[in-house]
Amino acid sequence: MSQSNIRNFSIIAHVDHGKTTLTDQFLKLTQPENRDLQERMMDSNPIERERGITIKLAPVRMEYKGYILNLIDTPGHVDFGYEVSRSLAACEGALLVVDATQGVQAQTLSNFQKATDLGLTLIPVINKIDLPSAEPERVALELMDSFGFAEDAICMVSAKTGLNVERILQQVIQTIPPPSGSPEATPRALLITSHVDEYKGAIAMVRVVDGALIQEKMVFCAGESEFQPIELGVFAPEMKVVSRLSAGEVGYVATGLKDIRDLKIGDTLTTALSKGVTPLPGFKEPQPMVFMELYPVDADDFVLLQDAIAKLSLRDAALQHTGCHSTALGSGVRVGFLGILHAEVVLERLEREFGLNLLATSPSVSYKVTLTSGEVEEVTTPAAMPDQTVIQEVCEPLATATIFCPSDLMSKVLDMVRERRGSFVSSEHLDTRVKLVCSVPLAEIITNFHDELKSLSSGYASLEYSVTSYQPVDVVKVTVLLNHEPVEALSFIAVRSQAEHKGRELVSKLKEVIPRQNFELPIQAAIGGSVIARETKKAYRKDVTAKLYGGDVTRRKKLLSKQAKGKKRMKQFGKVELDQAAFMAVLKR
């Protein structure tokens, strides 16, 4: 098919504004004979279906009135923004979808900025106009004021009922330009994402920019290994084999390579015979922001955990992991995530798909620590924090947060931001809502900030954030001691002014969940050598004098003295076993 009849576009929107439902309607319009179509067709993972969110970008090729439309469905949640950047790099245009009941939200702005930076043609779409609470006229004015769209360019649709959906496809054909690559040039294709197939090896999803890909030896510019592709194909939406992929098309190459690490996202694919090919500009690699340590409840499952993490990282380029060890919990894996939702999804997949029972430590961020010697270290866990005496300065990641909330809640939201050590930057009033830009430490955002914001605003507020810089901070490592023995797995990093409060909170929680021992158990929180909080778990007390029924009082005193000596010895050598319930209760505080 002629290159002028190809359109590559993406759908971008805030979470839960109807991207995937709209994709379902496109498939019904362009493939009416396909009986395998079902709701949320593009969300293949069970977790995506249950949570109602999109995690992995998904491509689909549709044929409509003599045109090939390559659509890439993208995630909406802030944690998966890196998937959006990949999708947009492969497109010439995008649909900017906005909910008719909620209007422009935080991630609508963020996605608009990403698309305009790449020079994409945007088509504004107002969805959910069939709802009783819909206000399409108000939302249309917001779009015109915020982004400068013309009124007649806005498509008002209902993805649920299919109303006016066909008009969007017509707009895509009329408005979005065809791909601009040269069909005769040396073949070059951009690697957008990849996954592993048991039989076909690593599968590269590519956008062909120049030339055409056929069944011949290929190579990645950043990699060394040549390979003969097993097959070429397109997503329709299931994988469909084709003989060639021409300039402008989106499809896949089954490489047959065993190690997916040879496929670097943003790399350029070309033929092995082509020499001196100029690589395409790649896009930013995802940087992990939240770190957790995962330990198997049963130590024998450590090899299974390593294997499971390795398999997941083959499918998820943003997942980074290294081995770690704890005296309390044994061997484990330290994993870097993009955010808390990303961490939750990965933990759920490890438990569900691999049958693992895991303990996860409290989430922490990456600190840059300057030592007195002048060296700079990156610290991702409390256990790795150097001694206070050799630290010159500690810097923490600072995020710029964009918050949309009702105008009457502005003061409450700003109070919450200040409580979280944040500061106000700017505000802009939009009808009944206000857009707040604040500067908040990332360590505060990853600990229930979003949940608290939603609770405060009854679900009407939305949040988008990005890490912009590092700032100096006075933090300390708080160590937990059980019977005077440090338990590194329960240690945490806190701002000095909050350390005592958090330490008291933690030891109080531990007192509740740790089972009673046969000896008195001191539970302490300490900074260096100074104890800042303490609780004491009383020992079991056996009535050793119960069998006495008279006689001299010295017999009673002798038994109680013997018991006291035994308890003293027990306390000296006793070990405290923390069960899974105790760890879970504390780590979910």
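This is a predicted model: local features need pLDDT of at least 70, side-chain atom pairs count only at pLDDT 80 or more; totals for chains, interfaces and linings use all residues.
Visitor: Start with Arg138. What does Arg138 form a salt bridge with?
Guide: Its partner is Glu142. The closest N and O atoms are 2.7 Å apart.

Visitor: Is Arg138 buried or exposed?
Guide: Arg138 counts as buried, at 16% relative accessibility. Glu142 is buried too, with a relative accessible area of 6%.

Visitor: Let's switch to helix H8. How many residues does H8 have?
Guide: H8 has 15 residues, running over 340-354. From its first C-alpha to its last it reaches 21 Å. That is close to the 21 Å expected at 1.5 Å a residue.

Visitor: Which residues in H8 are buried?
Guide: Leu341, His342, Ala343, Val345, Val346, Leu347, Arg349 and Leu350.

Visitor: Arg349 is on that list. What does Arg349 form a salt bridge with?
Guide: With Glu353. Their closest N and O atoms are 2.9 Å apart. Arg349 and Glu353 lie four residues apart in H8, so they are separated by about one helical turn.

Visitor: How do the accessibilities of those two look?
Guide: Arg349 has 17% relative accessibility, so it counts as buried. Glu353 is partly exposed, with a relative accessible area of 40%.

Visitor: What comes just after H8?
Guide: Gly355, which takes a positive phi of about 65°.

Visitor: Back to salt bridges. What about Arg496?
Guide: Arg496 forms a salt bridge with Asp474, with the closest N and O atoms 2.9 Å apart. This pair links distant parts of the chain, 22 residues apart. Arg496 is in helix H12, residues 496-513. Asp474 is in the loop between strand E26 (462-472) and strand E27 (475-482).

Visitor: Which residues are linked in a network of salt bridges?
Guide: Glu396, Arg420, Arg421, Glu444 and Glu452 are linked that way.

Visitor: New topic: rings. How many aromatic pairs are there?
Guide: A search of the whole structure finds six.

Visitor: Which residues form an aromatic cluster?
Guide: Phe112, Phe147 and Phe149 form one.

Visitor: Where does the charged end of Lys368 sit?
Guide: Over the ring of Tyr470. The distance to the ring centre is 4.3 Å.

Visitor: Last topic, cavities. How many of 30 Å³ or more?
Guide: The whole-structure search finds two.

Visitor: Which residues line the second largest cavity?
Guide: Pro59, Val60, Arg61, Asn70, Leu71, Phe235 and Val250. Strand E2 (58-64) and strand E3 (67-73) are the elements that give two or more residues to that lining.

Visitor: Which element gives the largest share of that lining?
Guide: E2 does, with three residues.

Key: Residues are numbered from 1 along each chain as its sequence is written. Side-chain values use heavy atoms; hydrogens and water are left out. Rings of Phe, Tyr and Trp (its six-membered ring) pair if their centres lie within 6.5 Å; planes under 30 degrees apart count as stacked, over 60 as edge-to-face and the rest as tilted. A charge sits over a ring if NZ of Lys or CZ of Arg is within 6 Å of the ring centre and within 35 degrees of the ring normal. The expected span of a helix is 1.5 Å times one less than its number of residues. Buried means under 20% relative accessible area, exposed over 50%, partly exposed in between (1.4 Å probe, protein chains only). A salt bridge is a side-chain nitrogen of Lys or Arg within 4 Å of a carboxyl oxygen of Asp or Glu. On a 1 Å grid over the protein atoms alone, a cavity is a set of points where a 1.4 Å probe fits but cannot get out, and a pocket is an open set with protein on both sides within 12 Å along at least five of seven lines; lining residues have an atom within 4 Å of a point. Grid points are joined across faces, edges and corners, and a volume is the space filled by probe spheres set on the points.
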